Amino acid sequence: VKGEMAREGAVEAVLFDLDGTLLDTETLSTIAINHVINPFGATCEWSLKERLLGLKGPDWSRLVITDQKLDSVLQPEELVRGWEQHLATLYPSVAVLDGVERLTAHLAAAGVKMAICTSSSAHCVSEKRNAHPALFARFPLIVAGDDPEVKRGKPAPDIFLTAAARLGISPSRCLVFEDALFGCQSGRAAGMRVIGIPDTRLDVGVFAEYADEILKSMADFDPQRYGLPPYTN
């Protein structure tokens, strides 16, 4: 890895997905989807949910409606609106994932450039910020899924390329943290190095093609491997 790092150069910016990577929102997201579709006799089981990970609202909502045959009773925008409204009531209880506080505080203290790159809308991001203001304060840049410069959602590279451009860092010097396969594909398509932290229920084998390293949690990450300042404690 040291030779690889020397060839590619040290990482100068770290870009984090939000849902399922920094915050444990995916369980709450499923509850909120089911809150909207259960009255129609539909359910979002894991076999469906795993196909939604990393997608923007207009994309995942269409997938749910098609899969559950809800076309005649529910529009994608209605599903997203109901999902957002119910999710907002759950956000105060959302937890920060293992290793997140330590790494983000460490990088912020060392002056490493960081950004959040999320398929969530800016409105949803502000709701989550209210639950964990200290965490979000470490990020000078947040690029949301409805940002006008993000023409295509993940797995397209748009969101990560937009963040790199705004930070003034070459994509090859950026490191991406992602829990979703679409997110890892997006980071790889942007020409960045990628750390995959997939849900334990996912087949981690499919991540190998798109991630430089696959971890069980952010707590297992060693900054020094990528030329970032080492932990001192």
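The structure holds 5 aromatic pairs. It is a predicted model. One of the pairs is Trp60 with Trp83, an edge-to-face arrangement. Their ring centres lie 4.9 Å apart, with 70 degrees between the planes. This pair links distant parts of the chain. Trp60 belongs to helix H4 (residues 57–67) and Trp83 to helix H5 (residues 76–90), 23 residues apart. Trp60 and Trp83 are both buried.

How do the rings of Phe221 and Tyr226 compare in what angle their planes make? Their planes stand at 20 degrees and their centres 5.6 Å apart, so this pair counts as stacked; the cut-off for stacking is under 30 degrees. Phe221 is buried, with a relative accessible area of 3%. Tyr226 is buried as well, at 7%. Both rings belong to a cluster.

Leu175 has Arg193 in E5 as its bridge partner.

Which residues of H10 are buried? Within residues 181–189, they are Gly183, Cys184, Gln185, Ser186 and Gly187. Their cover includes helix H9 (158–167), strand E4 (174–178) and strand E5 (193–196). Just after H10 comes Gly191, with a positive phi of about 80 degrees.

Step back to the whole chain. It has 10 helices and 6 strands. Its radius of gyration is 17 Å, close to the 17 Å that the globule rule gives for 233 residues, so the chain is as compact as a globular protein of that length. Along the principal axes, the C-alpha atoms fill a box of roughly 55 × 35 × 35 Å.

How much of the chain is buried? Of the 233 residues, 52% count as such. Contacts tell of the fold too. Among those with a separation of 6 or more, 64% come from residues 24 or more positions apart. The chain exposes about 10500 Å², and carbon and sulfur atoms supply 52% of that area.

Technical notes: Residues numbered from 1 in each chain as written. Predicted model: local features only at pLDDT ≥ 70, side-chain atom pairs only at ≥ 80, totals over all residues. Heavy atoms only, no water. Buried < 20%, exposed > 50% of the residue type's maximum accessible area, 1.4 Å probe, protein only. Helix = DSSP H or I, 4+ residues; strand = E, 2+ residues; numbered from the N terminus. Contact = heavy atoms within 4.5 Å. Pairing = 2+ DSSP bridges. Rg over C-alpha atoms; globule rule 2.2 N^0.38 Å. Areas by Shrake-Rupley, 256 points an atom, 1.4 Å probe, with all protein chains shown as cover. Phe/Tyr/Trp six-rings, centres within 6.5 Å; stacked < 30°, edge-to-face > 60°.
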